[in-house]
Amino acid sequence: MGKKPKFTGLSRFLPQEFLSPNAASLSEESQNQSKPAKKRKTDARGPVRTRYDATALVPHYTTAHEVPENLQKYFSQRKRYFSLYDQGCLLDEEGWYSVTPENIAVQIADRCRCDTILDPFCGVGGNAIAFAKTCEHVIALDISPTRLALARHNAAIYGVADRIEFILADYISFANAYLSRPNPTRRIDVVFLSPPWGGPGYISPSENHVSTADNADFQDELETHAQYSLSRIQPIHGVDLFLLTKRISDNIAYFLPRNADLNEISALGLLEKDESVTPNDESRMIEVEEEWMGSKLKALTCYFGGLVAGQEHVF
């Protein structure tokens with residue numbers, strides 16, 4: 001576990017009962033792929049970038065007139081998503097409205113410093129790239145071969161593709177298979193949960209949206225909006241997703257809509273009471289960090305376990 005930086009962001013704290021970590025790890029082969037940070041390549045040019053080139057999969061827009069109308073508002077924020085966008089970063093349609101803005105991804109990665117982090121809904125790689133700069137090994141999953149290829153392409157541009165293990169898999173199957181291994185060889189220290197929220201319409205009261213956005217859309221014009229329920233999380237109820245993830249690690253960063261129900265978030269810590277904990281055991285907290293860009297609140301990141309400021313000793 002790397003040393004955590006001092007954090008001065010805006011957060012809210014909620015009480016939580018906390019379970020001890022359940023150690024787990026990956027295969028020896030994947031473990032051998034992890035190398036000390038000082039030996040890793042940081043140059044985005046050269047053979048690694050060429051090897052992972054995915055420019056044939058989706059267009060790289062350079063001017064606004066090339067962009068479909070439904071993506072126009074996202075294109076204007078392209079350098080917020082990837083500061084190196086002009087070097088060839090690629091996004092599919094879902095990636096345009098779901099990628100985490102780079103500054104927010106960097107902030108979260110600073111909070112999640114560790115040896116091995118799992119990003120089970122990696123999309124086009126915004127968070128995985130940031131994690132590769134603060135963690136020794138990143139495991140990035142996605143169910144789309146296209147998005148996984150785009151994530152690796154973008155990671156190569158940032159010079160961190162060799163720090164990320166890209167796996168084509170759905171998270172539920174991966175988690176169950178991982179947990180069934182009797183003697184895993186790599187412990188997953190942190191899980192970053194950024195599951196589909198239900199598409200760009202997540203902020204409206206309707207629950208009829210079925211697209212698969214994995215992070216934040218940016219309907220900045222909406223000043224008021226309905227409260228978002230964890231029942232709208234995909235592919236399974238957000239509470240069930242949390243409980244499954246908690247079996248892998250207690251150290252969870254849960255990326256949620258800015259209108260998420262704080263009562264539901266607080267209740268997550270009460271769902272799995274450890275009967276072996278004595279009454280004198282110290283209380284635990286959930287930390288809810290508001291992710292702002294300028295004057296706009298974009299999302300919430302909810303930290304559990306040793307990721308909570310002041311609670312690092314339980315990591």
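Tutor: Asp-92 has a relative accessibility of 11%, so it counts as buried; buried means under 20% relative accessible area, exposed over 50% and partly exposed in between, with a 1.4 Å probe and protein chains only. The model is a predicted one, in which local features need pLDDT of at least 70 and side-chain atom pairs count only at pLDDT 80 or more, while totals for chains, interfaces and linings use all residues. Residues are numbered from 1 along each chain as its sequence is written, and side-chain values use heavy atoms, with hydrogens and water left out.

Asp-92 sits in the loop between helix 4 (78-81) and helix 5 (93-98). Helices (H or I, at least four residues) and strands (E, at least two) are DSSP runs, numbered from the N terminus. A polar atom of the Asp-92 side chain lies 2.7 Å from the backbone nitrogen of Gly-95. A polar contact is a pair of N or O atoms within 3.5 Å; within protein, one must be able to donate a hydrogen and the other to accept it, and residues adjacent in sequence count only if both atoms are side-chain atoms. With neighbours within four places in sequence left aside, Asp-92 is in contact with Val-58, Val-124, Arg-147 and Leu-150, where contact means heavy atoms within 4.5 Å.

Cys-89 belongs to the loop between helix 4 and helix 5. At 1% relative accessibility, Cys-89 counts as buried. Not counting residues up to four places away in sequence, Cys-89 touches His-60, Phe-82, Leu-84, Asn-154, Ile-157 and Tyr-158. Its C-alpha atom is separated by 8.9 Å from that of Thr-55, 34 residues apart along the chain.

Ring pairs link Tyr-61, Phe-75, Tyr-81, Tyr-85 and Trp-96 into a cluster. Rings of Phe, Tyr and Trp (its six-membered ring) pair if their centres lie within 6.5 Å; planes under 30 degrees apart count as stacked, over 60 as edge-to-face and the rest as tilted. The charged end of Arg-78 sits over the ring of Phe-75, 4.0 Å from the ring centre. For this, NZ of Lys or CZ of Arg must be within 6 Å of the ring centre and within 35 degrees of the ring normal. Likewise, the charged end of Arg-111 sits over the ring of Tyr-303, 4.3 Å from its centre.

The structure holds 14 aromatic pairs. In one of them, the rings of Phe-131 and Phe-192 have centres 5.2 Å apart and planes at 65°, so this pair is edge-to-face. Phe-131 lies in helix 7 (residues 126-131) and Phe-192 in strand 5, so the pair ties together parts 61 residues apart in sequence. Phe-131 and Phe-192 are both buried. Phe-192 also pairs with Phe-255; their ring centres are 6.1 Å apart and the planes at 45°, so that pair is tilted. Here, too, distant parts of the chain are linked: Phe-192 is in strand 5 and Phe-255 in strand 6 (residues 252-257), 63 residues apart. Phe-255 is buried, as is Phe-192.

Strand 5 (190-193) is also part of what covers the buried residues of helix 9, along with elements including strand 2 (116-119), strand 3 (137-142), strand 4 (164-168) and helix 10 (238-246). The buried residues of helix 9 (residues 171-180) are Tyr-171, Phe-174, Ala-175 and Tyr-178. They span an arc of only 95° around the axis, which puts them on the same side of helix 9; the arc is that of the directions from the helix axis to the C-beta atoms. At the start of helix 9, a side-chain oxygen of Asp-170 comes to within 3.3 Å of the backbone nitrogen of Ile-172.

The loop between strand 5 and helix 10 contains Pro-235, which is joined to Gln-234 by a cis peptide bond with omega of about 10°. Most peptide bonds are trans.

As for the whole protein chain, there are 11 helices and 8 strands. Buried residues make up 53% of its 315 residues. Among contacts with a separation of 6 or more, 72% are between residues 24 or more positions apart.
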